[in-house]
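Let's take a quick tour of one protein model. Have a look at the sequence and the 3D view, then read on.

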Amino acid sequence: MHTGDTFTYAEVGATRRADLRSRPPRGYRAIERRVRIGRGEAAWRAAAQETLRWGIQRRSGIEVAAPHEGPLAAGDVVLMRVPLWPRDVPCRVVYTVDEPGGAGEPAVRGFAYGTLPGHPERGEEVFLVEHDPDGSVWLRIRAFSRPAGWIFRAAYPAVLLMQRLSTQRYLRSLSGRR
């Protein structure tokens, strides 16, 4: 299946912005959620490894066809099969994060993906596993999106509900609560 070579939005990388929640790109809706998923070095390493192998999505009931079994990398294109959706959902990894932390800053690992032609939305989502200096481990999800076409705009209340449910499943995916 040809998924197109370019992202479906111009604001590639905008999930890195600190003010994304309060100032999303024009015409987009932004979300940010954070949940504690564990404690300690072992929990952080396991959650980060799972995240970098599409574990959040897979544990949330999404089938992921990735180009390889190793950790994902910027540029990787995946096709996701979402329950109750009749078509594959194409995405491309925009960037990965591997920050060691220190000096009171958390260690952070994760990645962002953006939408490609054929995806029902336009935008980007980032999944970050954070290991705070106090030992707590967190999953942070940040995203901005809007419907990809008129049919999705017409069904926007249902799209928002599906997005909210998906985000909740993502947040529970690494905590052991499903």
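This is a predicted model: local features need pLDDT of at least 70, side-chain atom pairs count only at pLDDT 80 or more; totals for chains, interfaces and linings use all residues.

- Picture 7 strands forming an open sheet, with antiparallel pairing.
- Walking across the sheet, you'd meet the strands in the order S1-S7-S6-S5-S4-S3-S2.
- At the edges sit strand S1 (29–39) and strand S2 (63–65), each of which pairs on one side only.
- From one strand to the next, the twist averages 25°.

**S5 and its two partners**
- Strand S5 covers residues 107–115 and strand S6 covers residues 121–131; the two run antiparallel and are joined by 8 bridges.
- S5 and S6 make a hairpin, with 5 residues between them.
- Within that turn you'll spot Gly 118, whose phi is positive at about 105°.
- S5 also pairs with strand S4 (residues 89–99), in the antiparallel sense, over 8 bridges.
- One example there is Thr 96, whose bridge partner in S5 is Phe 111.
- How much of S5 is buried? The strand is mostly covered, with 9 of its 9 residues buried.

**The helix across the sheet**
- Helix H1 (residues 41–51) lies across S1, S5, S6 and strand S7 (136–147).
- Compare directions and you'll see H1 running at about 160° to S6.

**A closer look at Thr 15**
- Thr 15 belongs to the segment before S1.
- Is Thr 15 buried or exposed? Thr 15 counts as buried because its relative accessible area is 1%, and the cut-off for buried is under 20%.
- The side chain of Thr 15 makes a polar contact of 2.7 Å with the side chain of Tyr 95.
- Setting aside neighbours within four places in sequence, Thr 15 touches several residues, including Leu 20, Tyr 95, Ala 112 and Val 126.

Note on methods. Residues are numbered from 1 along each chain as its sequence is written. Side-chain values use heavy atoms; hydrogens and water are left out. Two strands pair if DSSP finds at least two bridges between them. Helices (H or I, at least four residues) and strands (E, at least two) are DSSP runs, numbered from the N terminus. Axes are lines fitted to C-alpha atoms, for helices over the stretch in contact, and angles run from 0 to 180 degrees between N-to-C directions. Contact means heavy atoms within 4.5 Å. Buried means under 20% relative accessible area, exposed over 50%, partly exposed in between (1.4 Å probe, protein chains only). A polar contact is a pair of N or O atoms within 3.5 Å; within protein, one must be able to donate a hydrogen and the other to accept it, and residues adjacent in sequence count only if both atoms are side-chain atoms.
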